[in-house]
Amino acid sequence: MIGLDPADISDKDSYKLLIGGIIPRPIAFVTTLSKSGVLNAAPYSYFNIVTANPPMISISAQRRNGERKDTARNAIEIGQFVVHISDESNIAKINDTAASVPSDQSEVELAGLTPVPSSKIVVPGVAEAKIRLECVLEQAIPLGGSAMARACDLLIGKVVYFHLDESVYKDGYVDPAQLKAVSRLAGSSYAKLGDLFSIERPL
């Protein structure tokens, strides 16, 4: 077994170990609205569930040289965002939104995605997603780096409305075979859902 102390390797090497070992990772496609009304969007694979009571999710938006990304800045300023589940039908366009563009340019427009109004918040979602979650910001926690230049913003969002395509919603559950979610690996690699199996939990 190889043992590595993070203090003895570079941040880049730690990053490679994390994204290569913690797989597969679900991909949150997040839309936010700037103060000037620009609909920004970006994919995030540092994403998961926090709790179901009330429903909350987490997204870690890594900073660039201590500066917040558009997603974190907009979510903090407006207090709202929409999370979409990335799937096989939309992953190519979602990948297009990862391009570095000025904050006054909409990645949604750039990728040719279709804005759609939300039900309970002002931030639009995109119509192409089979699942989208309207969220209000519960907490934004700066983490890592140094006190002068934090490494990321951990966004905790409370889900205030679920949108589910009829094809994926069955008797109160999400049908994974119909959702066809895509996950993130390392580098430019992604993965489809693959084979499913069940293991009963012990009593």
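I began with strands E4 (residues 47-52) and E5 (residues 55-62) in this predicted model. They run antiparallel and are joined by five bridges. For one bridge I looked up the partner of Asn48, and found Ser58 in E5.

Next I went through the cysteines. How many disulfides does the model have? The count is zero. Cys135 is in no disulfide, and its nearest cysteine sulfur, that of Cys152, is 18 Å away. Since a disulfide needs sulfur atoms within 2.5 Å, I left that pair there. Cys152 is likewise in no disulfide, with the sulfur of Cys135 as the nearest, 18 Å away. I also looked up burial: Cys135 is buried at a relative accessible area of 0%, and Cys152 counts as buried at 9%.

Then I turned to nonpolar packing. Which residues have the most contacts inside the largest nonpolar core? They are Ile57, Ile59, Phe81 and Val83, in a core of 20 residues. I listed the elements that each supply at least two residues of this core: strands E2 (28-33), E3 (39-44), E5, E6 (80-85), E9 (131-143) and E10 (152-164), and helix H2 (70-78).

I took Ile59 as a case to follow up. Leaving out residues up to four places away in sequence, Ile59 touches Val30, Tyr44, Tyr46, Phe47, Phe81, Val83, Asp153, Leu154 and Leu155.

Last, I noted a second, separate core of 16 residues, which includes Phe29, Leu33, Ile94 and Val123.

Key: Residues are numbered from 1 along each chain as its sequence is written. This is a predicted model: local features need pLDDT of at least 70, side-chain atom pairs count only at pLDDT 80 or more; totals for chains, interfaces and linings use all residues. Side-chain values use heavy atoms; hydrogens and water are left out. Two strands pair if DSSP finds at least two bridges between them. Helices (H or I, at least four residues) and strands (E, at least two) are DSSP runs, numbered from the N terminus. Buried means under 20% relative accessible area, exposed over 50%, partly exposed in between (1.4 Å probe, protein chains only). A nonpolar core is a set of buried Ala, Val, Leu, Ile, Met, Phe, Trp, Tyr and Cys residues joined through side-chain atoms within 4.5 Å. Contact means heavy atoms within 4.5 Å.
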